[in-house]
Amino acid sequence: MSRMQVLAADAPSGSGELLIMNDLPVYKRGRNKIQEAIEEAEQKKRKNEIKNRISAAKSRARSQEHTRFLEEKVEQLRNENALLKKLLSLEAAAAERLPEEREVMQGKKAKQCLEPEEQHT
């Protein structure tokens, strides 16, 4: 008996309907076997859905962990940037004072050079 004949034999008698089952094994005394094959396919589908849910949950967890890592890194870099800006500001202020300090020091040296001459006279 061919597959088509088996499927036609499983149709309700006299209806003339042809039962078509894609990718399911069809056996000689078909309805119970077809039902088992359908249940097996549904069970496989449910199993795959569960696996996909678990996989999606793991993926979301990895994504959240990576996001937390990046947020911590951003905070660390912001703190470092603030510290470096503060140091740069202090260095710039010190650089502004250098010419004034140089003038003061040169003035003191000039006085020191003049003072010994005045003491000798």
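These legends accompany an overview and close-up views of a predicted model.

Figure 1. The chain has 121 residues, and buried residues make up 7% of them. Its accessible surface comes to about 11,200 Å². Carbon and sulfur atoms account for 53% of that surface. Consider the contacts between residues at least 6 apart in sequence: 3% of these join residues at least 24 apart.

Figure 2. L87 belongs to a nonpolar surface patch. L87 has a relative accessible area of 45%. That value lies between the 20% and 50% limits, so L87 counts as partly exposed.

**Figure 3. Close-up of a negative surface patch.** Four glutamates form this patch: E36, E39, E40 and E42. E39 is located in helix α2. The relative accessible area of E39 is 42%. Patch members need over 30% relative accessible area, so E39 passes that cut-off. E39 is classed as partly exposed.

**Figure 4. Close-up of the salt bridge between E65 and R68.** The count for the model comes to 1 salt bridge. The closest N and O atoms of E65 and R68 are 2.9 Å apart. A salt bridge requires such atoms within 4 Å, so this pair qualifies. Both residues lie in helix α2. They sit 3 residues apart, about one turn of the helix.

Figure 5. R68 has a relative accessible area of 42%. R68 is partly exposed too, because its value falls between 20% and 50%.

How values were computed: Residues are numbered from 1 along each chain as its sequence is written. This is a predicted model: local features need pLDDT of at least 70, side-chain atom pairs count only at pLDDT 80 or more; totals for chains, interfaces and linings use all residues. Side-chain values use heavy atoms; hydrogens and water are left out. Patches are made of residues with over 30% relative accessible area and no salt bridge: like charges are joined within 9 Å, nonpolar side chains (Val, Leu, Ile, Met, Phe, Trp, Tyr) within 5 Å. Accessible areas come from the Shrake-Rupley method with a 1.4 Å probe; for residues, only the protein chains shown count as cover. A salt bridge is a side-chain nitrogen of Lys or Arg within 4 Å of a carboxyl oxygen of Asp or Glu. Buried means under 20% relative accessible area, exposed over 50%, partly exposed in between (1.4 Å probe, protein chains only). Lys and Arg count as positive and Asp and Glu as negative; His and the chain ends are not counted. The place of a charge is taken as NZ of Lys, CZ of Arg, CG of Asp or CD of Glu. Helices (H or I, at least four residues) and strands (E, at least two) are DSSP runs, numbered from the N terminus. Contact means heavy atoms within 4.5 Å.
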